[in-house]
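Morning, everyone. Please look at the model on the screen while I talk. I'll start with one residue and its partner.

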Amino acid sequence: MSIRDSIRVCRDYNEMSRMAAEVFADYIKNNPHGILGLATGSSPEGLYACLVEKYNKGELDFSGITSFNLDEYYPIEPDNDQSYRYFMNHHLFDHVNINKGNTFVPDGTAADPDAFCRAYDEQIKAAGGIGLQLLGVGQNGHIGFNEPADELIGGTHLTELTESTIKANSRFFASADDVPRHAITMGIDNIMSAAGVVLVVSGKNKHGALMALLDAPEDPHVPVTLLRRHKNLMVFCDEDAYNG
């Protein structure tokens with residue numbers, strides 16, 4: 001199957017969010033004790049809002065769901081309003097009946113990040129592996145915080161953020177100087193081992209990354225291109241991202 005058979009071009013961000021949320025809603029209904037891989041950033045905010053709306057209508061039950069987040073800044077405290085734990089609480093966890101003890105986000109305060117990363121991989125494995133993984137993509141093609149490199153790391157790891165990522169994320173902070181220079185992120189093998197992957201891509205500034213996924217050769221310097229190897233990839237984008 002061609003990668004283009006996996007893409008759904010939506011009119012706008014709201015339609016993209018609704019369509020992608022339907023995939024997650026169906027998964028949760030069919031897998032009440034399922035394992036979700038979750039992402040942060042502006043791209044999935046609308047999807048989470050749709051899931052909360054469905055929960056409030058009585059359509060979804062999160063009580064048996066376990067989740068593992070892709071990444072977290074390092075170092076950062078979980079109550080920092082720019083941490084990804086804070087993001088997930090604010091956009092999803094505080095609004096549904098998920099057991100927060102079953103929601104896992106990389107620890108931005110880990111004294112030994114390498115040991116933490118090994119333990120995180122073991123937690124995912126012990127849980128049974130991720131059933132459905134949500135992804136966004138960076139302007140430079142990064143997925144999670146797997147930045148462009150000669151070779152991508154397979155497991156969860158501590159990584160140094162590129163200047164382009166720091167610049168892109170500085171809009172969430174008082175200044176670029178306040179953006180952490182490192183992050184803990186799932187690796188490419190973590191992502192590829194998920195049973196299903198949903199990629200959401202929105203906005204003209206993501207056009208280049210989306211076209212790379214669709215047309216460019218696989219290249220670890222554009223990490224998103226490696227997703228075309230996945231057997232169950234679903235891509236949802238808006239017209240701005242598709243047409244540029």
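E218 is partly exposed, because its relative accessibility is 36%. On this scale, buried means under 20% relative accessible area, exposed over 50%, and partly exposed in between (1.4 Å probe, protein chains only).

A word on the source: this is a predicted model, where local features need pLDDT of at least 70, side-chain atom pairs count only at pLDDT 80 or more, and totals for chains, interfaces and linings use all residues. Residues are numbered from 1 along each chain as its sequence is written, and side-chain values use heavy atoms, with hydrogens and water left out.

Back to E218. What does R229 form with E218? A salt bridge, with the closest N and O atoms 2.7 Å apart. The term means a side-chain nitrogen of Lys or Arg within 4 Å of a carboxyl oxygen of Asp or Glu.

How many salt bridges does the structure hold? Eight. Among them is D94 with K100, where the closest N and O atoms are 2.4 Å apart. D94 is partly exposed, at 46% relative accessible area. K100 is partly exposed too, at 38%.

K204 also forms a salt bridge, with D240; there the closest N and O atoms are 3.7 Å apart. K204 is exposed, at 52%, while D240 is partly exposed, at 38%.

Now the inside. Is I35 buried or exposed? Buried, because its relative accessible area is 8%. I35 touches Y27, T66 and F68, among others, not counting residues up to four places away in sequence. Contact here means heavy atoms within 4.5 Å.
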